[in-house]
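Subject: Structure handover and notes on what was found

Dear colleague,

Please read them with the structure open beside you.

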Amino acid sequence: MVVESALEDPAIEANLRQFCLVLLVSLGVATLSRVLTLLRNIPYTLLLLLVGLGLAILDVRLVNLSPELILFIFLPPLLFEAAWNLNWQSLRRDFIPILLYAVVGVLISIGGLVLGLGTLAGASLATVLLVGASLSATDPVSVVALFRELGVDKRLTTLMEGESLFNDGVAVVAFNLLVGLALGVEQFDVSVTVARFLVFVGIGTGIGALIGFGISFLTQRFDLPLVEQSLTLVSAYGTYLVAEELGGSGVIAVVTTGLILGNFGSRIGMNPRTRLAVSEFWEFVAFFVNSIVFLLIGDQVKFEGLANNLNVIGIAIAIILITRLVSIFGLGALSNWLVQANIPRQGQTVLWWGGLRGSVSVALALSVPVSLSQREEIIAIVFGVMLFTLLVQGLTTQPLLEKLGLLGDEPLRQEYKQMVAHRVAMNRVMQRLRDLKQRQEMDPELLGYQMALVEGQLNEVNEKLTKLVRQNPEIQAFATQQLRDELLAIESDTYAEFIRAGQIKDELKPLLQEVLPDRLGEEH
C-alpha cells in the first residue's frame, strides 16, 4: 500500500519519467558512439553535449540542472574515480608542476579575467570576480578519455588529471571566498583571505586523510568484496558532506580519500580480486555520471543569453587562452628549472589547449546568488566559454596530437596483449592435455592429435609475437614495463597478506622497485 501510494504521487512519477528519459537518451548516444564508425572519432562526452545542445535548440528541457545536483550528486563520484586511478608514484614525481598549475594557475586565470573583462568589456566587479572563479577550474574528462584511447604518454595524462583534481578544489574555495566580495558584504584582506583558504584546504585534507586511512585499516579486518565496494561509494559522498559541514573543502577531501584508498587502502585491505571489482565498479560509475552530466549541460544552454553577451564571451575566450598559455608555459619553465621536471614543449602545448571547462564551472556559475543582478550575465559568459573549450578545443585535440607527434601506440599494444593472452591460454590448454595424458584418463591417440593442434597454434602465435616485436622495438619496452608492474604487484600483494594476517603492521616499501629497472634493462 505504501509503494502504491508513493507511485500515485504525481511529482514522484514525473521525476521518475524524467530520470528514465535522461538515462535513455544519454546511454543511447554513448552506445551509438561506439557502434557507428562515423562517430568513433568523437569522444562520447562531446557527442552527448552536442545532443544536449540539439535538445536545447528544440527547447526540450529534460531536467533542471541545479548546482546542488552537480556538486553533491555528480561531482563526488567523478572526483573519487579519478583520484582512485591516479598513481601516487606518478603524482609524486610531478607534484611540483601539478601544484603550481593547480594553485598559481588558478590565480593567474582569475587575475587575467578580472583585469581583462573589467578593462576590455567594462564588466562590473561582481561579474569579473565570479566569472573568473567559475572559469578557473579545468575539466579534461573528454581529453583524458581521448589520451587513453590513443595511448598518449601516461605522464601527460597524469599532469592533466592531477591539475584538474586539485584546481577544482582551489576554484571552489576561491569562488566561496569571492562571493562575499561580489555581493559587497565583505572587504578584501590578503591575510584574512589566505588564512581562510588554508583553513578550507586544511580541514578538507584532514577529513579526507582520516576517512581514507580509517577505511583502509577497517577493510583489513574482513574480505567481503560487496561491502568494501559499498564502503568506497559511501566514502565518496560521506567525505564530501562531512568536510563541507565542518567548513572545509569537500572537493579536496574527496580527492584525498580517493588517493589514499586507491594507492594504499586497496593494497593493504583488499585482495587483487576485490581491487579489480572495485576499479571496474568505479569505471562504470564514472561512465554513467559523465553520460548524464554532459547531456544535461548541453540541454541547459540558453541561446538568447549567449547572443546578448557574445562580445563579452569572445573577450573571455581570448583571455582564457592567453592566461592558460602564460600559466602552462611559464609555470612549466619554472618547474623545469626548480625540480628538473623536463616537461617538453609539445606536452605543454597539449596541456594548454586541453584546458577545457566543464561541470564544475557550470555548477559554480549556477551557484551565483539569485539576489545578484548580474547572475544571468555571469551564467551566459561561463556557458559560452565552456561550449567553446569543449567543442572547439575538445574536437581539435586529436589533430593537435597528430601534428605534434604525440599519438601513442595503443592499437599496437592491444594487438600485443591479445597475442600474449592467446599464448597463455594455449599453454594452459597444453598443460591440461599433458595432465590427462599422464593420468591416462583418455585415449592417447586423441590426446596426441589435440596436442599437435595446440602446439601448431602455439608456434604460430610465437612467430607472430617475434615478428611484431622485431618490427616494433617500442613493444619490447612496453613488455618490460608490464613485467615490472606485474612483479611489483605480486610483491605488494604478498606484503598485504602479511598485514591482513597481523604478522606485520606497516606496509613495506617494495624492494624490487630499486632492482627491477636495472636488471630488466640489462636483459633487454
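This is a predicted model: local features need pLDDT of at least 70, side-chain atom pairs count only at pLDDT 80 or more; totals for chains, interfaces and linings use all residues.

An α-helix has 3.6 residues a turn, so residues three or four places apart point the same way. The ring centres of F80 and W84 are 6.1 Å apart and their planes meet at 25°, and because planes under 30 degrees apart count as stacked, this pair is a stacked one. Both residues, F80 as well as W84, are buried.

F213 has a relative accessible area of 37%, so it counts as partly exposed. In the whole structure, the search finds eight aromatic pairs.

Next come the empty spaces. Rolling a probe the size of a water molecule over the atoms shows where empty space is left. How many cavities of 30 Å³ or more are there? The count comes to one, and the volume of the largest cavity is about 80 Å³. Its lining is made up of 13 residues, and those nearest the centre are G105, S109, R324, S327 and R357. Two or more lining residues come from each of α6 (95-120), α9 (154-183) and α15 (310-339), and α6 gives the most, with five residues. Sorted by class, the lining of this cavity has seven polar, three nonpolar and three charged residues.

The second largest pocket has a volume of about 540 Å³. It is lined by 21 residues, of which L107, L177, L178, F188 and T193 lie nearest its centre. The elements that give two or more residues to this lining are α6, α9 and α10, and the largest share, six residues, comes from α10. Here the lining divides into 15 nonpolar, three polar and three charged residues.

Finally, I would like you to look at helix α16, which spans residues 345-353 and includes Q348. This helix is mostly covered, with seven of its nine residues buried, namely G347, Q348, T349, V350, L351, W352 and W353. Why does Q348 count as buried? Its relative accessibility is 2%, and because buried means under 20%, Q348 falls within that class. Leaving aside residues up to four places away in sequence, Q348 touches I328, F329, G332, N336 and I343. For one of these, I328, the C-alpha atom is separated from that of Q348 by 6.3 Å, although the two residues are 20 residues apart along the chain.

With best wishes,
Your colleague

Terms used:
Residues are numbered from 1 along each chain as its sequence is written. Side-chain values use heavy atoms; hydrogens and water are left out. Rings of Phe, Tyr and Trp (its six-membered ring) pair if their centres lie within 6.5 Å; planes under 30 degrees apart count as stacked, over 60 as edge-to-face and the rest as tilted. Buried means under 20% relative accessible area, exposed over 50%, partly exposed in between (1.4 Å probe, protein chains only). On a 1 Å grid over the protein atoms alone, a cavity is a set of points where a 1.4 Å probe fits but cannot get out, and a pocket is an open set with protein on both sides within 12 Å along at least five of seven lines; lining residues have an atom within 4 Å of a point. Grid points are joined across faces, edges and corners, and a volume is the space filled by probe spheres set on the points. Helices (H or I, at least four residues) and strands (E, at least two) are DSSP runs, numbered from the N terminus. Ala, Val, Leu, Ile, Met, Phe, Trp, Tyr, Cys and Pro count as nonpolar, Asp, Glu, Lys and Arg as charged, and the others, Gly among them, as polar. Contact means heavy atoms within 4.5 Å.
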